[in-house]
Amino acid sequence: MNWYLAVLKNYVGFSGRARRTEYWMFTLFNAIIFIVLAILAAITRSWFFWVLYGLYGLGVLIPSLAVTWRRMQDTGRHGLWILLGLIPFVGGIILLIFMILPGTPGANEFGPEPAAVPAAV
């Protein structure tokens, strides 16, 4: 949960690097929240949960882009590489592979290694 909150606290932080743990924990919590809201909306057949689902999606859009951007920088690539996701089928697979790869050891052009920097949480 701390990883999720750390990303939300760094709401529009596109500079620096993000560890694999930070990225994947944020993604996991997002997926859980989206699934719970969708199940609640389907069970209750209430528009309220669909609106909540949409508002939550809009609320985490920028932090999701920011943590993905920082994750790309951790692998030594510029954040604009996330635009690969716009290529149907292949782009998403390539992006997934980049997200799974370990970050570059030591400092790179985007900042120091995130594992070496003490957590701000």
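**Exercise 1. One face of a helix**

Which residues are buried in helix 5 (residues 90-100)? Work from the predicted model.

*Solution.* 
Step 1. List the residues. Gly-91, Leu-95, Phe-98 and Met-99 are buried in helix 5.
Step 2. Look down the axis. These residues cover an arc of only 100 degrees, which puts them on the same side of helix 5.
Step 3. Recall the geometry. An α-helix has 3.6 residues a turn, so residues three or four places apart point the same way.
Step 4. Find the cover. Helix 2 (20-44) and helix 4 (61-74) are included in what covers the buried residues of helix 5.

**Exercise 2. The overall picture**

State how many helices and strands the protein has, and in what order its elements run.

*Solution.* 
Step 1. Count the elements. There are five helices and zero strands.
Step 2. The order is α-α-α-α-α.
Step 3. Take the dimensions. The C-alpha trace spans about 50 × 35 × 20 Å along its principal axes.
Step 4. Check burial. The protein has 121 residues, and 31% of them count as buried.
Step 5. Check the contacts. Take those with a separation of 6 or more: 67% of them join residues 24 or more positions apart.

**Exercise 3. Helix 2 against helix 3**

Describe how helix 2 packs against helix 3 (residues 47-59).

*Solution.* 
Step 1. Two packed helices are described by the angle between their axes and the distance between the axes.
Step 2. Read them off. The axes of helix 2 and helix 3 come within 8 Å and cross at roughly 160 degrees.
Step 3. Classify the angle. Angles over 145 degrees count as roughly antiparallel. Helix 2 is therefore roughly antiparallel to helix 3.
Step 4. Name the residues in contact. Helix 2 gives Asn-30, Ile-33, Phe-34, Leu-37, Ala-38, Leu-40, Ala-41, Ala-42 and Thr-44. Helix 3 gives Phe-49, Trp-50, Leu-52, Tyr-53, Tyr-56 and Gly-57.
Step 5. Sort them by class. The contact of helix 2 with helix 3 has twelve nonpolar, three polar and no charged residues.

**Exercise 4. Helix 2 against helix 4**

Give the distance, angle and hand for helix 2 and helix 4, then sort the contact residues.

*Solution.* 
Step 1. Read the geometry. The axes of helix 2 and helix 4 come within 9 Å and cross at roughly 155 degrees.
Step 2. Classify. That angle makes helix 2 roughly antiparallel to helix 4.
Step 3. Helix 2 passes helix 4 in a left-handed crossing.
Step 4. List the partners. From helix 2 come Arg-20, Glu-22, Tyr-23, Phe-26 and Asn-30. They meet Pro-63, Ser-64, Val-67, Thr-68, Arg-70 and Arg-71 in helix 4.
Step 5. Sort. The contact of helix 2 with helix 4 has four nonpolar, three polar and four charged residues.

**Exercise 5. Helix 2 against helix 5**

Is helix 2 roughly antiparallel or oblique to helix 5?

*Solution.* 
Step 1. Read the geometry. The axes of helix 2 and helix 5 come within 9 Å and cross at roughly 125 degrees.
Step 2. Classify. That angle makes helix 2 oblique to helix 5.
Step 3. List the partners. Arg-20, Tyr-23 and Trp-24 of helix 2 meet Leu-96, Met-99 and Ile-100 of helix 5.
Step 4. Sort. The contact of helix 2 with helix 5 has five nonpolar residues, no polar ones and one charged.
Step 5. Link back to Exercise 1. Met-99 is also one of the buried residues of helix 5.

**Exercise 6. Leu-8 and its neighbours**

Where does Leu-8 lie, and which residues does Leu-8 touch?

*Solution.* 
Step 1. Leu-8 is in helix 1 (residues 2-9).
Step 2. Leu-8 has 27% relative accessibility and so counts as partly exposed.
Step 3. List the contacts. Leave out residues up to four places away in sequence: Leu-8 touches Phe-26, Val-60 and Pro-63.
Step 4. Compare chain and space. Leu-8 and Ile-62 are 54 residues apart along the chain, and their C-alpha atoms are separated by 9.4 Å.

**Exercise 7. Two positive phi angles**

What is phi of Arg-45, and what is phi of Phe-89?

*Solution.* 
Step 1. Take Arg-45. Its phi is near 55 degrees, a positive value in a residue other than glycine.
Step 2. Arg-45 counts as exposed, at 76% relative accessibility.
Step 3. Take Phe-89. Its phi is near 65 degrees, again positive in a residue other than glycine.
Step 4. Phe-89 is exposed, with a relative accessible area of 76%.

How values were computed. Residues are numbered from 1 along each chain as its sequence is written. This is a predicted model: local features need pLDDT of at least 70, side-chain atom pairs count only at pLDDT 80 or more; totals for chains, interfaces and linings use all residues. Side-chain values use heavy atoms; hydrogens and water are left out. Buried means under 20% relative accessible area, exposed over 50%, partly exposed in between (1.4 Å probe, protein chains only). Helices (H or I, at least four residues) and strands (E, at least two) are DSSP runs, numbered from the N terminus. The arc is that of the directions from the helix axis to the C-beta atoms. Contact means heavy atoms within 4.5 Å. Axes are lines fitted to C-alpha atoms, for helices over the stretch in contact, and angles run from 0 to 180 degrees between N-to-C directions. Angles under 35 degrees count as roughly parallel, over 145 as roughly antiparallel, 65 to 115 as roughly perpendicular and the rest as oblique. A crossing is left-handed if the near helix is turned anticlockwise from the far one by less than a right angle, and right-handed if clockwise. Ala, Val, Leu, Ile, Met, Phe, Trp, Tyr, Cys and Pro count as nonpolar, Asp, Glu, Lys and Arg as charged, and the others, Gly among them, as polar.
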